[in-house]
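Q: I have a model open and want to learn how to read its features. Where do I begin?

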Amino acid sequence: MPHFEDFYADKLRGSLGVTDAESVLDLRGTNRPTAEASLNDMLERSRFGKGKTVAIRFDPPPEGGGETLFQPVGRLLLDAKRKGIVDRLQTLPAGDGLGFYVALAGKTTRSNE
């Protein structure tokens, strides 16, 4: 499989990173169940507050390959995006390590309130 040139790879990764986010959810060094619980807690709490941006970071694959939190965390975030909890979802730039930049929708206001 051919590799992308850095210019094109950076376009796919996105430009918003850890320094652009209002807060950081650092899942480095955590196991999958703990990471999923932390992420679910963040998503649930975001439904009752104002929208904000969060950088979610996790460990790169171990030397020689192996599993990361990329797929399970990505699935949870995509599901939240479908439900309207997440407005924007993209991967972090290469310099920030492995993770996602997420814009949470926050509390939805009703027109009759």
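A: Start with provenance. This is a predicted model, where local features need pLDDT of at least 70, side-chain atom pairs count only at pLDDT 80 or more, and totals for chains, interfaces and linings use all residues. Residues are numbered from 1 along each chain as its sequence is written, and side-chain values use heavy atoms, with hydrogens and water left out.

Q: What is the secondary structure of the chain?

A: Helices (H or I, at least four residues) and strands (E, at least two) are DSSP runs, numbered from the N terminus. Here there are three helices and four strands. Along the sequence they follow α-β-α-β-α-β-β.

Q: How many residues does the chain have, and what share is buried?

A: Buried means under 20% relative accessible area, exposed over 50%, and partly exposed in between (1.4 Å probe, protein chains only). The chain has 113 residues, and 32% of them count as buried. Of the contacts with a separation of 6 or more, 69% join residues 24 or more positions apart.

Q: How do I read a helix such as α3?

A: The expected span is 1.5 Å times one less than the number of residues. Helix α3 covers residues 70-82, 13 residues in total, and reaches 18 Å from first to last C-alpha, close to the 18 Å expected. An α-helix has 3.6 residues a turn, so residues three or four places apart point the same way. In α3 the buried residues are Pro72, Val73, Gly74, Leu77 and Ala80. Their cover includes α2 (32-46), β2 (53-57), β3 (86-91) and β4 (99-104). Just after α3, Gly84 has a positive phi of about 90°.

Q: Which residues have the most contacts inside the largest nonpolar core?

A: A nonpolar core is a set of buried Ala, Val, Leu, Ile, Met, Phe, Trp, Tyr and Cys residues joined through side-chain atoms within 4.5 Å. The largest has 18 residues; Leu27, Leu39, Met42, Leu43, Ile56, Val73 and Leu77 have the most contacts inside it. Two or more residues come from each of α2, β2, α3 and β4. Helix α2 gives the largest share, four residues. Take Leu39: beyond its neighbours within four places in sequence, Leu39 is in contact with Leu25, Ile56, Val73, Leu76 and Leu77. A second, separate core has five residues, among them Val18, Ala21, Ala55 and Leu92.

Q: How many aromatic pairs does the structure hold?

A: Rings of Phe, Tyr and Trp (its six-membered ring) pair if their centres lie within 6.5 Å; planes under 30 degrees apart count as stacked, over 60 as edge-to-face and the rest as tilted. The structure holds three such pairs. Phe58 and Phe70 are edge-to-face, because their ring centres are 6.3 Å apart and their planes meet at 65°. Phe58 sits in the loop between β2 and α3, and Phe70 in helix α3, twelve residues apart. Phe58 and Phe100 form a tilted pair, 5.9 Å centre to centre with 50° between the planes. Phe100 lies in strand β4, 42 residues from Phe58. Ring pairs link Phe58, Phe70 and Phe100 into a cluster.

Q: Is Phe70 buried, exposed or partly exposed?

A: Phe70 is partly exposed, because its relative accessible area is 35%. Phe58, at 2%, counts as buried.

Conventions. Contact means heavy atoms within 4.5 Å.
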